[in-house]
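Thanks for coming. Please look at the sequence and the model on the screen, and I will go through a few local features.

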Amino acid sequence: MKRFTALILFSSIILVSCRLEKPVTKITFQETSQGVEVLEDGQPVMFYQRALKSNGENLFNNYIHPLYGLNGDTLTEEFPADHVYHRGIFWAWHQIYVGGNSVGDGWIMNNIEQEVSKATVDKAGLLIFEVYWKSSAYEYKEVFVFEKTTITIHPKEENFRAIDFCISLKALVPNVEIGGADNEKGYGGFCARIREPEKLEFTSTEGVVNPQDLQVKAGPWMDFSGPIAESGASKGVAILCHPETPGYPATWILRKEPSMQNVVFPGRDRITVPQDKPIKLYYRLIIHDGNVQNIDMDKLQSEYGHISFNQ
């Protein structure tokens, strides 16, 4: 009897141990002439557009599209007919000034070029890009901003995936300024052009959020969910803001009509990009299936917020 009891106990320990053990996944990268594709166990996660790509008017690069759902559905749009300069997950500013003079518009890439000089991939799920900003309208024709963007792709959890962004901007010449749209909306910064925006439901810390024409104060995270997959299935993308990002908690520009979703930084008023210590913007995407109510987004925000980058 004792031997039988011990066997049951030993079997139970093995069973519990097996249940607790997470399957090992593998993040891989495939570099192409256009950019870098990220895969997990051979399934697509996202694509980084490194090479210049035309929307019929201007040339664009340095953005994410497609961003895929957990089962491979495309969740983002690129160069849609209603706004041909929107491109997946992107970060851009209308106002770019050097020495008090406008040198271009990074939102529509007018007179602005972003040269991705170096792309580093790491088996731990890291993508690091070094990007130099140039402008044909800048009188000295030299590089004036160094951008270093680090993207961390985390292995898929049971019902979501996290992707982290750190966007670092450092001026290489004096008196560089960036700002959002020069109007009361002031949109600019980190953006997501998600499929079928008219079908989206917006949720934040206090529950459902109704998009407005102007900026909305709604908390440090925002979820966009709805039947946005090509299959018609319900999917979601949430943006979480880290407390070390300047202006935290940010305001939001939200659109149910065909448009982008934007974490506003810095707004209409331009800010100076320093030459000594770079501006660093930290955001986390949460990609999930189904209803946001099935995920404790406040908990995920708290966990993200407790990560310290300034060590």
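Thr150 is part of strand E12, residues 145-153. Strands here are DSSP runs (E, at least two residues), helices are DSSP runs too (H or I, at least four), and both are numbered from the N terminus. This is a predicted model, where local features need pLDDT of at least 70 and side-chain atom pairs count only at pLDDT 80 or more, while totals for chains, interfaces and linings use all residues. Residues are numbered from 1 along each chain as its sequence is written, and side-chain values use heavy atoms, with hydrogens and water left out.

Is Thr150 buried or exposed? Thr150 is buried, at a relative accessible area of 19%. Buried means under 20% relative accessible area, exposed means over 50%, and partly exposed is in between, with a 1.4 Å probe and protein chains only. Leaving aside residues up to four places away in sequence, Thr150 touches Leu126, Leu127, Ile128, Asp164, Phe165 and Cys166. Contact means heavy atoms within 4.5 Å.

Now the sheet. Nine strands form an open sheet with antiparallel pairing, in the order E10-E11-E12-E13-E23-E19-E18-E16-E17. Two strands pair if DSSP finds at least two bridges between them. Which strands stand at the edges? They are E10 (112-122) and E17 (207-208); each has a single partner strand, so one side of each is left without a neighbour in the sheet. Helix H2, residues 297-305, packs on the sheet and touches E13 (160-171), E18, E19 and E23 (279-289). The direction of H2 makes about 35° with that of E19. For such angles, axes are lines fitted to C-alpha atoms, for helices over the stretch in contact, and the angle runs from 0 to 180 degrees between N-to-C directions.

Strand E18 (residues 221-226) pairs with E19 (residues 235-241) in the antiparallel sense, over six bridges. Gly226 has Lys235, in E19, as its bridge partner.

Next, aromatic rings. A pair of aromatic rings is described by the distance of the centres and the angle of the planes. Rings of Phe, Tyr and Trp (its six-membered ring) pair if their centres lie within 6.5 Å; planes under 30 degrees apart count as stacked, over 60 as edge-to-face, and the rest as tilted. How many aromatic pairs does the structure hold? There are 15.

One of them is Phe90 with Trp107, edge-to-face, at 5.3 Å centre to centre and 70° between the planes. Phe90 lies in strand E7 (residues 89-92) and Trp107 in the loop between E9 and E10, so this pair ties together parts that are 17 residues apart in sequence. Both residues, Phe90 and Trp107, are buried.

Phe165 and Phe190 have ring centres 5.1 Å apart and planes at 65°, so they too are edge-to-face. Phe165 is in E13 and Phe190 in strand E15 (residues 189-192), 25 residues apart, and the pair links distant parts of the chain. Phe165 and Phe190 are both buried. Ring pairs join Trp91, Phe165, Phe190 and Tyr283 into a cluster.

Last, the backbone. The peptide bond from His65 to Pro66 is cis, with omega near 0°, and Pro66 lies in strand E6, residues 63-67. The bond from Phe265 to Pro266 is cis as well, with omega near -5°.

Asn111 is not a glycine, yet has a positive phi of about 65°. Asn111 is partly exposed, with a relative accessible area of 36%. Asn175 has a positive phi near 60° and is exposed, at 54%.
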